[in-house]
Amino acid sequence: MSVSNSKLTVDYKLFLPSVIIIVALCIPLALYEQQALTLMNSIFEGLVGNLGWMYIWYPILITVCALYFSFSRYGNVVLGDPSTKPRFSNFQYLAIIISMGIGSTIMRTAVVQWASVASDPPFGLTPFSDEALMWGNSFSMYLWGFQNFALFAMTAPAMGYVLYVRKKPMMRVSEITRCVFGDRFTDGMGGRILDITFLIAIVAGSATFLGLGTPMVTTVVAKLLDVERNFQLSFIVTLTWCMLFMFTVYLGMEKGIQKLSSFNMYLAAVFGILVLILGPTVFIMNYFTDTIGFLFSNYLTLSFQTESLTDGAATHIYRYSVFWWAYVATWSLLHGVFAAKISEGRTVREVLMAYILASPALAWVATGLMGGLGVSRYLNGEVPLMEIMQSGGGEVVAAAEVIASLPFAGIMLVVFGLLTMVFFGTTLNSTTFAIAAYASTRDMTKEDPDRNSRIIWALLIAVLALVLMRVGGLVPLEVTSGLLGFPIMIVQFITVYAAKKMMDEDRAWIHNVRPVDWKTGTTEALPAAESV
């Protein structure tokens with residue numbers, strides 16, 4: 001893959017309108033945060049009350065589509081030349097998609113998110129009862145389960161097919177819809193609006209992600225150095241992230257994102273083993289086992305829960321589920337773009353199963369280990385979790401206190417902070433790679449996005465996040481990115497239909513499958529399979 005990076009290649013007809021609209025949206029959000037938050041929360045409450053069922057069905061239907069594509073004739077379709085070998089080894093590939101898919105968010109949610117459910121449990125349970133605690137950690141695992149990663153992956157078949165089979169040079173959602181809406185829509189104003197909307201959604205989501213991830217590392221650094229957690233420290237942390245990102249950009253995809261992602265997996269394994277050894281080992285393993293059993297016993301309940309018979313306000317599980325799926329929707333197309341770009345030579349089945357099986361497995365292990373540690377510290381009274389969270393410290397401070405309760409607290413906080421930073425660095429790197437590819441004028445079938453474009457996008461996202469952190473505008477932007485999920489999820493269903501339509505038109509399950517001995521270069525074709 002060519003990685004010539006000497007020239008800036010940006011589609012300014014896409015870039016400039018997107019940036020102008022983002023800035024125009026952020027100014028009132030920042031200046032009138034409380035009023036904006038009140039307005040958007042009222043809109044979101046209306047969505048929860050009237051369209052919450054739609055957000056609940058959305059991940060379920062996408063997961064069904066992913067399973068259908070994986071285990072039907074479409075699963076054998078290769079994204080690219082059938083004789084082409086994948087760009088990355090299986091471990092490298094999994095490390096890249098897991099590092100991007102999970103990111104630093106799980107370093108916060110895995111430790112203490114269970115507390116929000118346990119304090120407001122479903123079905124009239126007593127807060128912080130044994131069953132409420134089981135619902136808490138099971139719900140955290142559910143959010144990082146099959147549906148979450150199916151949403152991340154399900155745009156990749158269409159995008160990868162357009163890019164590597166039909167050889168369309170531009171990685172645009174509008175290009176996917178060409179087979180559905182025709183040339184006039186794709187090449188006209190409709191396609192342009194679709195691409196700009198998508199770019200705004202993912203940039204807003206990326207800035208929110210950076211703004212919400214920074215406090216985790218900032219809190220750890222502040223605790224280690226015994227200094228105040230303030231904006232100046234957040235600025236330094238963000239600057240460090242950007243420097244790490246620029247270094248990996250300079251190294252390129254193979255030596256940058258791939259190497260950093262692989263290191264991330266090794267570091268995560270070391271940290272998990274240390275938590276298990278230094279923490280309450282027996283309790284963590286028992287609670288992890290109980291949580292897995294409870295999760296599978298109640299997976300359908302969590303997936304279809306709308307609290308239709310609940311008298312009064314919705315519980316945390318339902319409200320957060322609606323918000324989570326709306327928020328994940330804003331990331332789904334971004335993941336699809338990135339997954340398609342790195343999946344040349346892989347089958348549709350390999351791409352989807354890597355996301356749906358490997359990513360949840362790691363996320364559940366992380367949630368089981370760190371959630372078990374958090375629950376243990378709460379039950380033993382070693383860390384006043386609820387007092388910290390209710391006094392304004394929030395989840396990030398509570399998570400840092402839980403890690404600091406381990407033996408060799410300083411070392412564990414350093415490893416925890418480093419892992420969070422590396423997780424975030426890989427996510428930011430992959431995100432800007434996908435955004436730059438999306439907004440590039442290069443032929444993405446042959447080249448990667450140029451380094452300068454990726455650096456510019458990273459700086460824009462970092463500046464946006466810093467400004468909003470400074471003025472307190474992240475909460476409105478978080479809600480905004482969630483609201484943007486509504487049109488995005490409609491677009492994602494269109495991309496699923498487009499993938500099937502293109503493969504049917506080309507009879508790809510016959511003409512674009514691997515030769516029998518593709519690894520050795522033999523070109524004998526597989527027998528045609530007409531049935532689903």
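In this predicted model, Arg178 and Glu175 are joined through their side chains by a salt bridge, with an N to O distance of 2.7 Å. Arg178 also pairs with Asp183, where the closest N and O atoms lie 2.9 Å apart.

The structure contains 13 salt bridges. Another of them links Glu505 to Lys501. These two residues are four positions apart in helix H22 (residues 485-506), which means that about one helical turn separates them. Glu505 is partly exposed, with 44% relative accessibility, and Lys501 is likewise partly exposed, at 25%. Both residues belong to a network of salt bridges that also includes Arg166 and Asp506.

| Salt bridge | Closest N to O distance |
|---|---|
| Arg178 and Asp183 | 2.9 Å |
| Lys501 and Glu505 | 2.7 Å |

A nonpolar patch is also present on the surface. Trp53, Trp57, Leu61, Leu300 and Phe304 make up this patch, and their accessible area together is about 550 Å². Helix H2 (33-71) and helix H14 (299-304) each contribute at least two of the patch residues, and H2 provides the most, with three. Leu300 lies in helix H14. This leucine, Leu300, counts as exposed because its relative accessibility is 63%, and exposed residues are those over 50%.

Technical notes
Residues are numbered from 1 along each chain as its sequence is written. This is a predicted model: local features need pLDDT of at least 70, side-chain atom pairs count only at pLDDT 80 or more; totals for chains, interfaces and linings use all residues. Side-chain values use heavy atoms; hydrogens and water are left out. Patches are made of residues with over 30% relative accessible area and no salt bridge: like charges are joined within 9 Å, nonpolar side chains (Val, Leu, Ile, Met, Phe, Trp, Tyr) within 5 Å. Accessible areas come from the Shrake-Rupley method with a 1.4 Å probe; for residues, only the protein chains shown count as cover. A salt bridge is a side-chain nitrogen of Lys or Arg within 4 Å of a carboxyl oxygen of Asp or Glu. Buried means under 20% relative accessible area, exposed over 50%, partly exposed in between (1.4 Å probe, protein chains only).
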